Structure formats: C-alpha cells, structure tokens
2 protein chains.
Amino acid sequence: MNAPAIILSRPQLGENIGAAARAMANFGLSDLRLVAPVCRWPNDKATAMAVGASNITDSARVFDTLEEALGDLQLVYATTARERGVAKPILSPAAATRLRAASSRGERTGLLFGGERSGLDNDEVSLATAVITIPTDPGFSSINLGQAVLLIGYEWFRATDQTPPERIDHGPINKPATEEELFQFFAHLEDELLKSGFLYPPDKAPPAIRNLRALFHRANMTDQEVRTLRGMIKALVRDKRRRT
Amino acid sequence: MNAPAIILSRPQLGENIGAAARAMANFGLSDLRLVAPVCRWPNDKATAMAVGASNITDSARVFDTLEEALGDLQLVYATTARERGVAKPILSPAAATRLRAASSRGERTGLLFGGERSGLDNDEVSLATAVITIPTDPGFSSINLGQAVLLIGYEWFRATDQTPPERIDHGPINKPATEEELFQFFAHLEDELLKSGFLYPPDKAPPAIRNLRALFHRANMTDQEVRTLRGMIKALVRDKRRRT
C-alpha cells in the first residue's frame, strides 16, 4: 500500500512543518513534499517539532513549483477552509478512504495543504482532483497547518484501523467473571444483607436485590474483582462481629 | 447544549495549551480547565499560539487537584495512548458522540488529557468514567497534546455536523446543466465531429460517441460550462474554416 504524499505549498514556519511530520508519523505517512518553502530549509525548528519523526523532515523533497510536486500523482485532494464556488467535488475528511481505495488499485495519491497565511489560492486548487474541507465552528474555521495534516492523516489511517469502538482490556491474567461466579457473589451478598437487617422488611427485598444485581452487572466485573468483593463482604462482616 | 470541558492535567508548555485552545475554538468548545500547570500561568506563549482563541485561555480556570477540576462533571473520558490492563471501557475517538448524547440529557461532561511528558498516570485515569485511545501507527503513538485535543474535539463536533460527505458548490448563479442542455451539446459536438472526419469511418462512430458522452456526464457540468464548451466548438470550427 503506497500511502499518500503530503504536499505543503509555500509553508512559512518550520514548527508547522515539523508538527506535520510528527502527525504523518502518527498515521503511517512518510512522503513529505515542500513547494517553495518560505522558511529556511533544512530548518532546525522543524526538526525539533518533529520529535521522533525527523526521518520524515530529513527525507522531505523540495520543489520549485506545485506542478512538479504533483506531477507523478494520480489523485490529489486539496485541503481548504470552507469556501464557495469551487466547481469541483467538495468532500468531507472521511473521503480520505477514497485515497486508500485508489492506492489499493496501484494509484499514487496525495494530500495538498496551503501556506499558513492564506491557504491554497484558486490556481493551486485548480491542480487538484477534488477539495477536502474540514468542518469547523463557522465562527473559527482557521485550522493550524500541522493540525490540518493531523486530521486528514487520522481520517486516512482510521479508514482501515481495526480497533473495536469499545473494548475492556482486563490484562493477560484476569478474565470476565462467569455468570456462575456472579450468581455465587449475589447469593453471598444477599445472604449477608438479609442477616444484617439491610433488606428488612423481607417483602421489600426483591426490588432492592434486583437493583443491586443490575449495578454489579453493569460493572462487567472480572473473576478477580468478584473475589475481591466477596473478600470485602467477609471482612466487613468479621469486623462488625468483632465490634459487637 | 453544554459542550464538554477540556481538562489538561499538569500541562508543561504554554504553546500546547494555546494550541489546545485554538483547536477548542475550531470545534465549538470553550470550558478550559488546567490542573497544576507546570508552566507559568497566565502564559504569553499560550496566548500567542491561541491566535484568535485567546478568550479561551483568558477564561481558563486553574485547579490544584484533578478531583477539584472534575468535581462538577458527570461523564469524563480520559485520553491515553494505547495501553494494557485498564479495567474500564476503552473507547475509540468516535465515542465523543456519547458525550453529546449525555449533554443532551443535561449532563455535564469532560475530556481529560495528561501532561506532555508521560500522559495520564493510573491514578488520574482512575478518576475518569472511561478511556479514549486514539488509533495510531503502533511504531509512533505519541500524539502532541494540542493535536490530541484537536482530534477529540473534531470527533465531538463531527458527530452532529450536517455537511454532506460530497457536494459541488456551483455558486449562486450557475446550476447543474439539464439533460436537455447536455443532449443539445452532444448533438452539436457529434455533428461537427462527423463533418470534420473525426468519426470516420461512420460505422465506428457509436462507441466513440458513447465514450465521449460518458466523459462529459462524469464532469457533472453546469449550464454555463455547457455553453462554454459549445462556444469552444464554434470557435475551433470557425478558426479551421478561416484557415482552409
């Protein structure tokens, strides 16, 4: 899978180039292209901001013109702030999945970002296949260059990330309690609560018990946690008997 | 709709607090809480990085302890790098939609981020309802603090953003061409191509014409663009006739 190139047109601040490089490393991107950088290049501040991703700034290629920087690519999305009157498709960041589809067909793809001061101009946008616009609060739509690279890289990465939307990692030793372990815990707890008078009068017991069971079901306990709770009950009871 | 509070625990660099504030403004967040900031506060570098969002840094509240900073909240997600053994739900960033659901029920919510050097420690995580982990390249999972706030803010904002995944904005004047305008253009083009000999021999014409029609259908032209193309054909034909 050839990951998309990140093309920064006329970037002004080394810090932002470095932040873009770090964001690229977060999401498995490595082909950084700079078009007519306004700042010095190579740039110490870029290297510093890239932190562990200085291999990306080190291997960045510099081009004089955007045409040269894009020449070998077959699908290029330009990232712009919300705007009117671009007569080409305006896509949400989730369209980064289309770059993946193109890559899997062997196409070379790229993501184009404009300079800090005014973004991409109309001529630059005219060289791209389509436009990606990041949805923002309409009152504050200016996104930092490094942040924009991060967001689009995230969407590209996310497209095939297999992480489940929700999981509980109990570690290598513990496992979710079985229903039997839970039922034994319920029996233990309810027995002690009855003996203690907490569930008095007896005819009020069932709803109170159901509520307690629901609480402990919601907690999705491990076998170890069930053992811990049973130990707690024993300790509390023992202490009380000692005091009385 | 009360937006989630952003809580930064022991932040070290004013620049990152400022970047977080700017990212908050991008996505409609405003309640910034700092727990025991390591850097001076107020902080000039934070104000500079916040750019137009200095109202958020100006109104940030500072707390001595995380317990105080979270006290009024009812649902708090802690953001951490991928890790093992957290015995509570580990959610993807898209879980930010759950904060919206909670807010719409009137609950007060928050997103908790750790310091730059080592993130949240286990005690801090233990004060949160659940954990959000940003999926990254396993080889480079350390996300800058401001970038992490941006990503989660983006997911929160995106949850109800109404922007269609793809649109073409033809501006206030132009509209998509009707089929009739397109058919008239096809007839005009094909007539001139036949006359010019481009479609010779005549029995090869139908596939060539179908391919051309497909190309122009894919372009999703406006009425104005159809008129422009027809003007081009006229100009090319006129020029040729002048030359011959």
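Which side chain of chain B meets Glu166(A) in a salt bridge? Keep that in mind while setting up the view. The model is predicted.

**Stop 1**

Select Glu166(A) and Arg98(B). Their side chains meet in a salt bridge, 2.7 Å from N to O. Arg98(B) belongs to helix H5 (residues 96-104) of chain B and Glu166(A) to strand E8 of chain A, so this pair joins two chains. Now colour by accessibility. Arg98(B) is partly exposed at 34%. Glu166(A) is partly exposed too, with a relative accessible area of 38%.

**Stop 2: the rest of the interface**

Chain A contributes 52 residues and chain B contributes 52 residues. Together the two chains bury about 4,200 Å², with 51% of that on carbon and sulfur atoms. On the chain A side, pick Phe140(A), Tyr154(A) and Arg167(A). These three lose the most area to chain B, together 15% of what that side buries.

Next, display the polar groups. There are 4 salt bridges between chain A and chain B. Polar contacts across the interface link 12 residue pairs. Which elements of chain A each supply at least two residues to the side that touches chain B? Select helix H1 (14-26), strand E5 (90-91), helix H7 (145-158) and strand E8 (166-167) of chain A. H7(A) gives the largest share of that side, 8 residues.

**Stop 3: the sheet**

Switch to cartoon. Trace the open sheet of 8 strands in the order E3(A)-E2(A)-E1(A)-E6(A)-E4(A)-E7(A)-E5(A)-E8(B). Its pairing is mixed. Which strands sit at the edges? One is strand E3 (61-63) of chain A, and the other is strand E8 (166-167) of chain B. Each of them pairs on one side only.

Go to the pair formed by strand E4 (residues 75-80) and strand E7 (residues 130-133) of chain A. They run in the parallel sense, with 4 bridges between them. Click Thr80(A). Its bridge partner in E7(A) is Thr133(A).

**Stop 4: helix H8**

Select residues 179-196 of chain A. This is helix H8, with 18 residues.

Which residues of H8(A) are buried? Show Leu182(A), Phe185(A), Phe186(A), His188(A), Leu189(A), Glu190(A), Glu192(A) and Leu193(A). Then step past the end of the helix. Gly197(A) follows H8(A) and has a positive phi, near 90°.

Lys195(A) pairs with Asp191(A), and their closest N and O atoms are 3.4 Å apart. The two are 4 residues apart in the helix, about one turn. Lys195(A) is exposed at 54% relative accessibility, whereas Asp191(A) is partly exposed at 36%.

Move to helix H8 (residues 179-196) of chain B. There Lys195(B) forms a salt bridge with Glu192(B), the closest N and O atoms being 3.9 Å apart. These residues are 3 apart in the helix, again about one helical turn. Lys195(B) is exposed at 54%. Glu192(B), at 15% relative accessibility, counts as buried. From here, select Asp31(A), Arg33(A), Arg61(A) and Asp72(A). Salt bridges that share partners join these four into one network. Over all chains, the structure holds 27 salt bridges.

**Stop 5: backbone exceptions**

Most residues other than glycine have a negative phi, and most peptide bonds are trans. The next selections depart from that.

Start with Trp41(A) and Pro42(A). The peptide bond between them is cis, with omega near 0°. Pro42(A) is in the loop between strand E2 (32-35) and helix H2 (44-50) of chain A. Go to chain B for Trp41(B) and Pro42(B). A cis peptide bond joins them, and omega is about 0°. Pro42(B) lies between strand E2 (32-35) and helix H2 (44-50) of chain B, in the loop.

Now select Asn220(A). Its phi is positive, about 45°, although it is not a glycine. It sits in the loop between helix H9 (205-218) and helix H10 (223-243) of chain A. Asn220(A) is partly exposed at 47%.

Finish on Arg10(B). Here phi is positive at about 50°, and Arg10(B) is not a glycine. Look for it in the loop between strand E1 (5-9) and helix H1 (14-26) of chain B. Arg10(B) is partly exposed, with a relative accessible area of 32%.

Notes:
Residues numbered from 1 in each chain as written. Chains lettered and ligands numbered in written order. Predicted model: local features only at pLDDT ≥ 70, side-chain atom pairs only at ≥ 80, totals over all residues. Heavy atoms only, no water. Pairing = 2+ DSSP bridges. Expected span 1.5 Å × (residues − 1). Buried < 20%, exposed > 50% of the residue type's maximum accessible area, 1.4 Å probe, protein only. Contact = heavy atoms within 4.5 Å. Buried area = accessible area lost by both parts, 1.4 Å probe. Polar contact = N/O pair within 3.5 Å; in protein donor to acceptor, adjacent residues only side chain to side chain.
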